[in-house]
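Hello,

Here is the structure I promised to pass on to you. My notes on it follow below.

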Amino acid sequence: AMALSGDLWAELPVERRIFCSVLLFSWAVYLWEAFLAHRQRRVYRTTTHVPQELGQIMDSETFEKSRLYQLDKSTFSFWSGLYSEVEGTMILLCGGIPFLWKLSGQISGRAGFGPEYEIVQSLVFLLLATLFSALTGLPWSLYNTFVIEEKHGFNQQTLGFFFKDAIKKFVVTQCILLPVTSLLLYIIKIGGDYFFIYAWLFTLVVSLVLVTIYADYIAPLFDKFIPLPEGELKQQIETMAKSIDFPLTKVYVVEGSKRSSHSNAYFYGFFKNKRIVLFDTLLEDYSALNKEPAEGEDGENEETKSKTK
């Protein structure tokens, strides 16, 4: 049987063997990751008491909430990952990519761009592919946000805000992706035998630029960023940064509470220009939405206290 399989494999055209190899490798990676996730889910199911190592810093109620949340997230990840793998396999087996390329050519042709405008056709292809991916991933995103996150008390979004945010993300992504892709395709087209070197240098520069401008120009399109007010917290952060020679220049608070009650923080920047961003949900006595009381008003009224996180 092994010899027969080897003979059949050898008789396949080279392109068919490459295609099958890519498909098999993709499924092998997925199955390995699914196996690791299955082992972790088993840990979530069987570990019902706080581990000894965490006994001093976590109570039983918090641990149980975290365990159930991670269990639901892991189960969701399994099914969404399986769907994604099956979808990708069906697209490859059914000729979805050639079909989409042909459709892109028809659309660009109707707009007056013939087959010689390969870059235009490629951009139409990319737009249709990302639109398809966004639509097929939408039900999974809705379920994750309004079922799992809602069930565990983390979701803060309304349905209207969710769709508005999704549309904005798609538009912003296309505004960045399409121009960058068109330049990359042009570099590949004129690059000759060493096009891969020029393409690599271009993608490297683009990646560095995007990382640099993301927090200052792209992220504020979705969330409100304000400087962390002067006070003990800011002083402690600056002192800690100096103690480890971290070149901190600014500390911001991002209004993450309108999306989720999860807490988070991150830093970004290059060389001597580093910045720290704190989610407002991370802070107990401060919210980016809170405002200073007007002059003559009692800043310690019950309404203000009830809004304190």
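Tyr69 has a relative accessibility of 10%, so this residue counts as buried (buried is under 20% relative accessible area, exposed over 50%, partly exposed in between, with a 1.4 Å probe and protein chains only). Please keep in mind that this is a predicted model, in which local features need pLDDT of at least 70, side-chain atom pairs count only at pLDDT 80 or more, and totals for chains, interfaces and linings use all residues. Residues are numbered from 1 along each chain as its sequence is written, and side-chain values use heavy atoms, with hydrogens and water left out.

Now the aromatic rings. A search of the whole structure gives 14 aromatic pairs (rings of Phe, Tyr and Trp, the last by its six-membered ring, with centres within 6.5 Å; planes under 30 degrees apart are stacked, over 60 edge-to-face, the rest tilted). Tyr69 and Phe154 are an edge-to-face pair, because their ring planes stand at 70°, with the centres 4.9 Å apart. This pair links distant parts of the chain, 85 residues apart: Tyr69 sits in helix H3 (residues 60–93), and Phe154 in the loop between helix H5 (118–151) and helix H6 (159–190). Helices (H or I, at least four residues) and strands (E, at least two) are DSSP runs, numbered from the N terminus. Phe154 is partly exposed, at 22% relative accessibility.

Phe113 and Tyr117 also pair edge-to-face, since their planes are at 80°, with centres 5.2 Å apart. Phe113 is partly exposed at 33%, and Tyr117 is partly exposed at 38%. One aromatic cluster is formed by Phe76, Tyr83, Trp140 and Tyr143.

Back in helix H3, you will find Thr89, which is buried at 11% relative accessibility. Its side chain reaches the backbone oxygen of Glu85 at 2.9 Å, a polar contact (N or O atoms within 3.5 Å; within protein, one able to donate a hydrogen and the other to accept it, and residues adjacent in sequence counting only if both atoms are side-chain atoms). Beyond neighbours within four places in sequence, Thr89 is in contact (heavy atoms within 4.5 Å) with Leu23 and Trp27.

Finally, the largest nonpolar core has ten residues, including Ile226, Phe246 and Leu283 (a core is a set of buried Ala, Val, Leu, Ile, Met, Phe, Trp, Tyr and Cys residues joined through side-chain atoms within 4.5 Å). Helix H8 (232–243), strand E2 (248–254) and strand E4 (273–279) each give two or more residues to this core.

Best wishes
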